[in-house]
Amino acid sequence: MAMIPMQKFFTAFQGQRRLVSGPAGEVALVVKRVASQPDEPIIIFEDATGRSIDFDMRGGDREVLARLAKLVPPSAEATEAPAEPRGRGRPKLGVVAREVTLLPRHWEWLNAQAGGASVALRKLVDEARRASGDKDRERQARDAAYHFMSTMAGDLPQFEEASRALFADDRRRFTGLIADWPTDIRDHIVKLAYSDRA
């Protein structure tokens, strides 16, 4: 789990048609209403990963939402201060104490840094995130698009060639190969793969 959880978004498809996109609760309630008379199977995808996910739809709306609240952490803005005291760390700053296993030479180097091991580790992580942030986001977006594409478009024409174009980051070829795919599927794949690079 991230230090500052981001709101997760999901998309539900009924057959080849996009049914709804949004936060877990919103998607679950729409799916619950539609699923009572399904024409085609409904699949819910987590947008960040492109993987399908099952929501437990048993019971009333409140029960469904209560179970989802445990599964999907709330956004940082929606998180309130806990009523009881928390454990180690600096919870108001989002600092959480966890165990890190390193060799003695690593601990020696970290402890010799200004501010000690914790400050040095935070600086190293921030530097690595800055250095590889764009590449990491592109890889995650490509992987999410591929996972979704494999589930929803694995039997469609040009799937293998489109997959190769996606991993080669050949956007023009990729969008050309999937141009004849069902509109909602095609648009969602492009959104997952390239929305942060519009």
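## A buried ring

With a relative accessible area of 0%, Phe148 is buried (buried means under 20% relative accessible area, exposed over 50% and partly exposed in between, using a 1.4 Å probe and protein chains only). This is a predicted model, where local features need pLDDT of at least 70, side-chain atom pairs count only at pLDDT 80 or more, and totals for chains, interfaces and linings use all residues. Residues are numbered from 1 along each chain as its sequence is written, and side-chain values use heavy atoms, leaving out hydrogens and water.

## Aromatic partners

How do we describe two rings that meet? A pair of aromatic rings is described by the distance of the centres and the angle of the planes. Rings of Phe, Tyr and Trp (its six-membered ring) pair if their centres lie within 6.5 Å; planes under 30 degrees apart count as stacked, over 60 as edge-to-face and the rest as tilted.

The whole structure holds seven aromatic pairs. In one of them, the ring centres of Phe45 and Phe148 are 4.7 Å apart and the planes stand at 75 degrees, so this pair is edge-to-face. Because Phe45 lies in strand β3 and Phe148 in helix α4, the pair ties together parts that are 103 residues apart in sequence. (Helices, H or I with at least four residues, and strands, E with at least two, are DSSP runs numbered from the N terminus.) Phe45 is buried at 1% relative accessibility, and Phe13, Phe45 and Phe148 form one aromatic cluster.

Now look at the strands: four of them make an open sheet in the order β2-β1-β3-β4, with antiparallel pairing. The edges are β2 (17–23) and β4 (52–53), each with a single partner strand, so one side of each has no neighbour in the sheet. Strands pair if DSSP finds at least two bridges between them; β3 (residues 42–46) and β4 have two bridges, in the antiparallel sense. Across this pairing, Ile44 stands opposite Ile53 in β4.

His188 sits in helix α7 (residues 183–194) and counts as buried at 3% relative accessibility. Not counting residues up to four places away in sequence, His188 touches Thr11, Phe13, Asp47 and Phe148 (contact means heavy atoms within 4.5 Å).

Which residues of helix α5 (residues 159–167) are buried? They are Phe159, Ala162, Ser163, Ala165 and Leu166. Just after α5, Asp169 takes a positive phi of about 60 degrees.

Arg142, in helix α4 (residues 116–153), is partly exposed at 23% relative accessibility. Leaving aside neighbours within four places in sequence, Arg142 is in contact with Leu166 and Phe167.
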